[in-house]
Structure formats: C-alpha cells, structure tokens
Amino acid sequence: MDTMAAIKQTFFQECEEQLAELEQGLMTIEREEGDVETINAVFRAVHSIKGGAGAFGLDDLVRFAHTFETTLDGMRSGKLDATPQIVRLMLRSADILADLVRISRDGGEPDQARVAQMSDELSRAGGAHAAPVPEAMPQPLIGDGFEADEFGFAPTPVAFDFGADADSEPADTGVDEFGFAPVAISFDTLVGDVEEAGQTYDIVFKPAPGLYAKANDALRLLRELGRLGDMTVTCETDTVPLLSELDPEGAYLTWKIELKTDAAETAVREIFEFVEFDCELSIARRLNLDGTADVVAQPMEDLVPADEPVEVLAPIAPVTVAEIAPPAERTSPAAASQPVQAATAQQPTIRVDLDRVDRLIDLVGELVINQSMLAQRVTEAGIARLSDVAVGLDDLENLTREIQDSVMAIRAQPVRPIFQRMSRVVREVADMTGKSVRLVTEGENCEVDKTVIERLADPLTHMIRNAIDHGLESPEKRVAAGKPEQGVVRMIAAHRSGRVVIEVSDDGAGINRAKVREIAIGKGLIEENLQLTDSEIDDLIFAPGFSTASTISDVSGRGVGMDVVRRSIQALGGRITITSRPGKGTTFTLSLPLTLAVLDGMVVTVAGQTLVVPLSAIVETLQPKASEVHSLGESARVIAIRGSFIPLIDVGSVLGYRSDEAQPTHSVAVLVETENQSQCALMVDGIIGQQQVVIKSLEANYGHVFGVAAATILGDGRVAVILDVDAIVAGSRSEAARADAIRKRNAA
Amino acid sequence: MMQIREQDAATASELIAFRLGEQEFCVDIMSVRDIRGWTPTTPLPHASDYVKGVINLRGAVLPVVDLAARLGFRPAEPSARHVIIITQVGTQTIGLLVDAVSDILTVNSGSIQPTPNVASELARVFMKGVIAMEGRMISLIALDSVLMNDHAAQGLPN
C-alpha cells in the first residue's frame, strides 16, 4: 500500500470515530443533557471530517460537511436553539454525512437528491439565524427574535436600495417568498468589496500545549499570515514562568499581530483552521466608521489612508457593521470556551492491523497447546507435584492463561458503535412508518470480539426494524390502549456466564398468536389441527418464508426474514429466542459467544476419532435405553424423549468414518437443536469432556468439508474437527443414499 | 544457505529431491517451508484416499497428501521413517508424504527437459519436466496440480 492510500485509510478510520462522536453528541443534546462542550465536540467532529475530506479532494463530502458545519456553528454561537426539530435535522444530517463518508471510501454514487434536500434544510435552519432579514423585512423591528442591537440600523430602506441588484443574484438561500433573501447576498458582495480595499486586523493568538503536541508550529502560521500583507508581530513573554517552574511541554507565549491585508477575513481565519481548537484566537477587524467602535476601539486615522473608496462605503455603512458583528461575536465565546484539557484527557490508543493481532492470537493458541503438552509430559515422567519443575509449570500455566485473556481482550470492543448505528435505523424506520419511537440502550460498554460485533449489524438492524414495524402499534392505537403515544424500543447488552446477551424489546402489542397461527397454516408450515404452545407459536416467526406483515411495507419488504436473522446468529455460534406478552410487547434475546476465535465445545469420540461438537447447539446428552429406540422405515431410527420421537443420527456413518451404524444402546446421544429449531440426536461413541477450543480454519489450506465447521488443535497437538451440526442433520436426510455411496466406495 | 540460494537464483534453481519407492522426484526449494517426520494425521470426512488427513503445523491446520497415492502408485503405509515435506502452493500450505528426502540439487533451468510423452495421464498432469543427473532421472513435481481440481476439496464422496 502506498503512503497516500495508508493516510487515506487512517482518515476514514478517524472519520468513523468522528461520526460516532458526532452522533453521540447529538443524542446527548437530544436528551437535553448537552453542554457547551458537547456542541463544541459535535462541531469539531464535522469540522475535522471536512478538513480531511478537503485534503483528499472529496468534494461532495466537503460541500455537505461545510453546510452542516455552518448550521452547527449557529448552534454553537447560540443563534440557533437546539429545538427537538433542529436536533432531529442534525441527526439526519449526521446520517447523510456518514453515508457520504462511506461512499467516499467504498465508492458508489451518493443520493444527490437527498443530499441536496438535506443541505437545503440545513441552510434554511441555519439561515434563520444568519439572515433573518427576509421574515423581518416587511415589518422591521417587530418580529421577535429580531434584536434591535443587531439590526438597529433601520434596514428597510437599504433593502430596497439593493433589491434591484439582488434580483440578478442567484437566490440560493432557499427563501423565496418575497425575493428578500438575496439582500443578504448582496450585502456579502459589498462586504467583500470593502475587504478588498484593504483592512487591518488585530489578531491575538495564544497557542495551547496541544497545538505543539500536534506538530503545529506557531512560527509557520505567522509566516503564512505574513504572506497576506504587512504584518507587525509582538510576542508577549510576560507569561513565561521561571526556568524552575517551566513545563517543557507547556505553551506560554502569546502573539499580538497587526495585519494589513487585502484578503478577506475568511482567508485570515483559514490560516488558523487546523489549530482552531488548540489555541485561543481572536481576530478583530478595525473599523473606520462611526458607531462601530464597539467592535474594536481603534483610532480611525490608522485606517483612512488605506480606504480609498470611501464613497462606496458610506452609503452601506450600517449594513457592513451588521455583517461584521456576528463573526466577531462568534469568535470570542468559542475561543474562550475551548477547554485545553479536553484533548489530553483521552486514553492513548494505537491502531494495529488486524492481521498482526490474529497472528498474536495464533501464537498464543500454540503457547497454550505447548504448555498443556509440557504439563502432560511432566505428569507422565512421574515428577512430584511439589517439585520445582511442577511448581514452575503451574506458574507457566497461570501466565499463559493471563496472556491468552489479554490477547483476546485486544480484539474485544464495546458494542457501543453498533448500538449507535441502530439509533439511525430507529430514526429511519420511525420516519417511514410514521411512528414515534424512543430507543433506550443499556450496557453499551459490554465488550465483544470485533468480528462478532461486525457480524451483528445485519441481524440487529432487522430486529429493530421488526420491532418498530411489526411490534409497535400506531400512535392512535397506543393511545387507545392507554399507552404513551411514543413507543419504546430497548436494546440491552450484558455479559452472562462467558457469553454476551443482547436483548431487543419493544413495548408494543406483542405477538398476535392467532394471526401467526393462521398465516403458518395458510403457508402450509403447520397442520391445521396441530396443538401448539404459545412459545411454539412465537417460534413460527423464525420459520423460513414467514411474515406477519399483511401488506409489504417499505420496511418489511427488504427480502429478509427472521429465519435469516436466526441463521446469521447461529453462524456466530449464538442462539436467539423470543418471548412475547400480549399487549405488553416482544423481546428477542440473543446469546452470543464473546469471540469467534474460541468456541465452547464438547469433545467426543466417534470411530476412534476425536471430534468437537459446539456447545451452543447442544440441548442435553443422554444414554439411550433399548426401549426408547424405535426403527422407522427401512433404516431410520428415532429415540423417544419426553413423548416426542427424535431422529437418531450416527455421526460416524454420516462422516464416512464407518460403514456400519453404531448400536444406539452402546452410544451416547447428544441432543442438538438445528437452525430450523428441529431437534436431532447425534450418536457418538463417548464424551471426553467440555473445553474451550481455538478455532482454526480448514478452508485456508484445504477446503470446505461436508459436515465440518472448522478444525481445532487439542492439548496433545493433534487436530480435531469441529462438527457442523446443521450440515450433519441436513446431510442425514439423504443419509441412506450417502451411506450407500460410501459403502460402495469402500467395497471397491 | 539462504545467502547461496539468493546468489544462485539468477542462473540456477535449487531443488529438493525425494524418493517414492524406486523413483526420484523433486520440488523447487523455494516452495518448501519445512521438512518433518511423520506424525499421525487426523482423517477428514469424505476425503479422497490420497488425502491422509490434517496435521498441526505451528498452529495452522494443513492437509497431508500421500504423494504416492496421488500419482497413482501404491498408497504409502506411513512409518516413523517417512517424511512430510511442507510446501507452499499459492496461498495454500500442504504437506507431501514421501518415503525419504534424498538430495538438494542445483540445476540450471536449461537442464530441465520436458516430460517425455508417455501414455500415463497422471505423469503428464503432475510432472513439470524431468532432470537427468549422474545417470538418474528426477521428475519435477507440478505442485499446483497436487490439490488442484480436487473433488475432495468440495467434501463430496467419490
């Protein structure tokens, strides 16, 4: 990978973090728990995405981020209230921003219409503070929110003066009622003219330690600034402490800069763009007009020689002042409220290639195997338990276990990002279905292996959609049922006995069992007169091809059913169950392994081979009695367990290890549950025990093997295969044919 | 050895020669990762008869192919004297079960002759060429065809 691609990759990784922070911040604001720092963090996130995107020439992203940032800035400066509507708009904009980031990374075409519409809404929301002129114009000084300080310069005649010019300008502020919107633009243009005539800025620049820590150089910034025009710089050194008190990593200098330039204020500001949050900065423009001394009290004479087109300035003077004032106000609170400590308080982290971590996990796996081999040898050699060797070996064992845990922890990540992604799904589905939904999350700090988290996104998305679309009633029905209009979807993660449990629940109407039953009969999934318990009916939801939606809505018509959800959860070595209470709601419970690198298995023997059966599939084990085993048809056998007959499958013959079926009464039956919830009893010769095994790929060097999910290495260094229970059960359906084929081959 | 190998690489290649019964074969030393003694393998369900099973090589699970059986000879009856040559074939690592490693040869690429046009299809598929040396004939194994087009890889019984 070339350097540029590597930097770009880092940028996208950082984008993900920024997006997460953005969303988290916005949600904090939504809960009305946000403070100034939250708004700053949100602003900073969008700002740094914009900065990075600019460096890589990602124009779409820059454009949208800029619009977003502008509106956020309105919020930051207190001009735009964080009303629920505004926050929702921002959250939706954050979604679009995330889309644009992903498109920039993975390729594809952004939904331009949606982006444009959102930009439009953003500018309109932002415009409400930046240019309230349109609304206020017909009745100046009357509208509330129209402050006399800011606009106390009798704008009415001015607006008419420039109305004619304004018409020729593209009206892109989106306010078109009276054609007043362009007025703001024409002001801009005129302000621009003024700036080009030459300005003097007073800049106070006080770097924070973070600025230097990020390898910025104040001198470089000053040099850049110097390129814009004539500059006088004074460095204030009074704040430098005595040598004994000097922190070598501290920042003590303040620069006062007087800059005479033709450049616009934005150009000046841009120089500080990347250090904005690591310094105290104030940029003030000296004004040469009466009544403007409140911005900067400077003698006018300084400026007059530079300002030749005084005639041009004079008539628009009041307008100019109005346009200048907001930026000046914007600067000071923002700069003052930037806590310098924020950046340094973070826990330091490093980014590592997943490959390296995987290699480390492999190595530790070997270490564990080696250690247990060594232990076995020591026992075999008959060395006394309290000898130095044995004691040293015990220490080694403890160390090994600790290393293994720590290495596994490297891959572990909190489920927070995936939970955050779900809040977007909630918003989208709520919008689509017209329901009002609140997402409550708990246990976001629960840590799970990264690979598990990645593969949780799709099933969770579907479950959330399901909960809102099918679970929650319409607002009217909720009110009628005496519930609050707003539905609640809860997503809870918790660690439970070495696994992570994720619950997705809604407070909706619960499963309509009569309807589920009716549909299942209609689709031929169950017999009409079959008696089912409530939980058996609930389970029908997972049947392939099942859908309770009477009409295919936007949400449910995505071609994914709960059967796919169940399958993907099972592919992760997890289980999914459903509980429902009529009128109270439905809960889906996922139980997942903490990592995909390790599996809880039951080690069994079959035809002299050692195999591992994933514990997640096992319901129970039992020793069949002759009276419980019945023959069914030519070769099939079933076992009676608590009144139902369950097919018996001889693992040895399905895998082709032996051609003769084992005697059930000499075997152990391992009762397993498969993806379609049907139960089967696997016959194995014996059970060695339960243990955690490290999963090794068989595909990498060989290929997929029927009936085998993966391989693992046992304590003696030998390889054992891990059974693919579903495949074995499915394969046993054509077992007779298969067994025949194997018998023939072996005979040949 | 690494040094020598790199210097010679421009003009000559080094080959590892081994025996299967009375015949001699060789593979490019660059594709050889390890040579180890026979260790019991774990048989795989529904594998072809020439796939002895899988072994653990420093944490990786890799298949061991009985090269004799693969070439259509009598399958080996592995004993402690047999060796497994661990080779890298593309992205896969596989072990070749052979009778014994006999030699390390340095040959110029010019001295590799095309496989004689014999009737045996297996010979044509699995040999890249033959090398004449001191009155011996050593066949160069086409490693990529050893596990290639293998229905065992799909896990279906023959």
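This is a predicted model: local features need pLDDT of at least 70, side-chain atom pairs count only at pLDDT 80 or more; totals for chains, interfaces and linings use all residues.
The side chain of A:Arg227 forms a salt bridge with that of A:Glu224, at 2.7 Å from N to O. A:Glu224 is partly exposed, since its relative accessible area is 29%. Both residues sit in helix H11 (residues 218–227) of chain A, 3 residues apart, or about one turn of the helix.

Why do such pairs form? Side chains of opposite charge can pair when their charged atoms come close.

Now move to helix H5. Here the side chains of A:Asp120 and A:Arg124 meet in a salt bridge of 2.8 Å, N to O. The two residues are 4 apart in helix H5 of chain A, so about one helical turn separates them. A:Asp120 is partly exposed at 30% relative accessibility, and A:Arg124 is partly exposed at 43%.

What does A:Arg114 pair with in a salt bridge at 3.8 Å? Its partner is A:Asp99. This pair links distant parts of the chain: A:Arg114 lies in helix H5 (residues 112–130) and A:Asp99 in helix H4 (residues 84–106), 15 residues apart. A:Arg114 is partly exposed, with a relative accessible area of 33%, and A:Asp99 is partly exposed at 23%.

A:Arg114 and A:Asp99 also belong to a network of salt bridges, together with A:Glu23, A:Asp95, A:Arg424, A:Arg427 and A:Glu428. Over all chains, the count comes to 37 salt bridges.

Note on methods. Residues are numbered from 1 along each chain as its sequence is written. Chains are lettered from A and ligands numbered from 1 in the order in which they are written. Side-chain values use heavy atoms; hydrogens and water are left out. A salt bridge is a side-chain nitrogen of Lys or Arg within 4 Å of a carboxyl oxygen of Asp or Glu. Buried means under 20% relative accessible area, exposed over 50%, partly exposed in between (1.4 Å probe, protein chains only).
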